Amino acid sequence: MVNEKIISDDFNWLCKVTWRKSANNTMWCVFGCAIGDFGTILFFQLTKIPFPVPGIMILAIINGLVTSVMLETFILIRQKFKFIRALKTACGMSFISMVSMEISMNLTDYFLTGGAQLTYWVVPIMLMVGFLTPWPYNYWRLKKFNQSCH
């Protein structure tokens, strides 16, 4: 076959440098997602506005995605990216990571508290699950394609 791209079968999951860099990228993503996600849940928790739990969780996911893209765009601009390029990079390079992170964090909240309840003990668990879920994907993407969001 002409022009077939050869894919190597010897992918290495043991590179400490790549795990470290992908962990750093994942941490920034968790931080960005948590701002919008936790802010939304906290808003409804404090105001006691009657709104269905699934609706709150969907809004939390959307707001988490928005704040993560905003934070990553800001980081890229500080790295001398032009605004449009920074925004496109933030949206395109880590969106799968952000969506998986948001869904896993909100499912953790739902299974542990019934949903849309921030407590002192559930927040660290949500953050840990939100970090661990996309981290292997971020490692793979960085190692295989040398692509990361920062």
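Where in the chain does K80 lie? K80 sits in the loop between α2 and α3, the latter spanning 83-93. We will come back to this residue below, after a look at the whole chain. Please keep in mind that this is a predicted model.

## The overall picture

The protein chain has six helices and zero strands. Read from the N terminus, its elements run α-α-α-α-α-α. The C-alpha atoms fill a box of roughly 60 × 35 × 30 Å, taken along the principal axes. The protein chain has 150 residues, of which 40% count as buried. As for how the chain meets itself, take the contacts with a separation of 6 or more: residues 24 or more positions apart account for 74% of them.

Is T40 buried or exposed? T40 is buried, because its relative accessible area is 8%, and buried means under 20%. Setting aside residues up to four places away in sequence, T40 touches I56, L59, A60 and N63. The side chain of T40 also reaches the backbone oxygen of G36, at 2.8 Å. For a sense of spacing, T40 and I58 are 18 residues apart along the chain, and their C-alpha atoms are separated by 9.8 Å.

Next comes S68, whose place is in helix α2 (residues 53-78). S68 counts as buried, with a relative accessibility of 0%. Which residues does S68 contact, leaving aside its neighbours within four places in sequence? They are C29, G32, C33 and M98.

S100 is partly exposed, with a relative accessible area of 25%. Not counting residues up to four places away in sequence, S100 touches T133 and P134. Between S100 and D10 there are 90 residues in sequence and 26 Å in space, C-alpha to C-alpha.

## How α4 meets α5

Two packed helices are described by the angle between their axes and the distance between the axes. Helix α4 (residues 95-113) and helix α5 (residues 122-132) pack at an angle of about 145°, and their axes are 8 Å apart. The crossing in which α4 passes α5 is right-handed. On the α4 side, the contact is made by M101, S104, M105, T108, D109, L112 and T113. On the α5 side, V122, I125, M126, L127, V129 and G130 take part. Sorted by type, the residues of this contact comprise eight nonpolar, four polar and one charged.

Which residues of α5 are buried? They are V122, M126, G130 and F131. Seen down the axis of α5, these buried residues fall within an arc of 165°, so they line one face of the helix. What covers them includes α1, α4 and α6.

Helix α6 (residues 135-145) has its own buried residues, namely N138, Y139, R141 and L142. Viewed down the axis of α6, they fall within an arc of 165°, so they too line one face of their helix. After α6 comes N146, whose phi is positive, near 55°.

Most residues other than glycine have a negative phi. Against that background, K80 has a positive phi of about 75° although it is not a glycine. A116 is also not a glycine, and its phi is positive at about 55°. A116 lies in the loop between α4 and α5.

| Residue | Relative accessible area | Class |
|---|---|---|
| T40 | 8% | buried |
| S68 | 0% | buried |
| S100 | 25% | partly exposed |

Technical notes. Residues numbered from 1 in each chain as written. Predicted model: local features only at pLDDT ≥ 70, side-chain atom pairs only at ≥ 80, totals over all residues. Heavy atoms only, no water. Buried < 20%, exposed > 50% of the residue type's maximum accessible area, 1.4 Å probe, protein only. Contact = heavy atoms within 4.5 Å. Polar contact = N/O pair within 3.5 Å; in protein donor to acceptor, adjacent residues only side chain to side chain. Axes fitted to C-alpha atoms, helices over the stretch in contact; angles between N-to-C directions. Helix = DSSP H or I, 4+ residues; strand = E, 2+ residues; numbered from the N terminus. Left-handed = near helix turned anticlockwise from the far one by under 90°. Nonpolar A, V, L, I, M, F, W, Y, C, P; charged D, E, K, R; others polar. Arc of directions from axis to C-beta.
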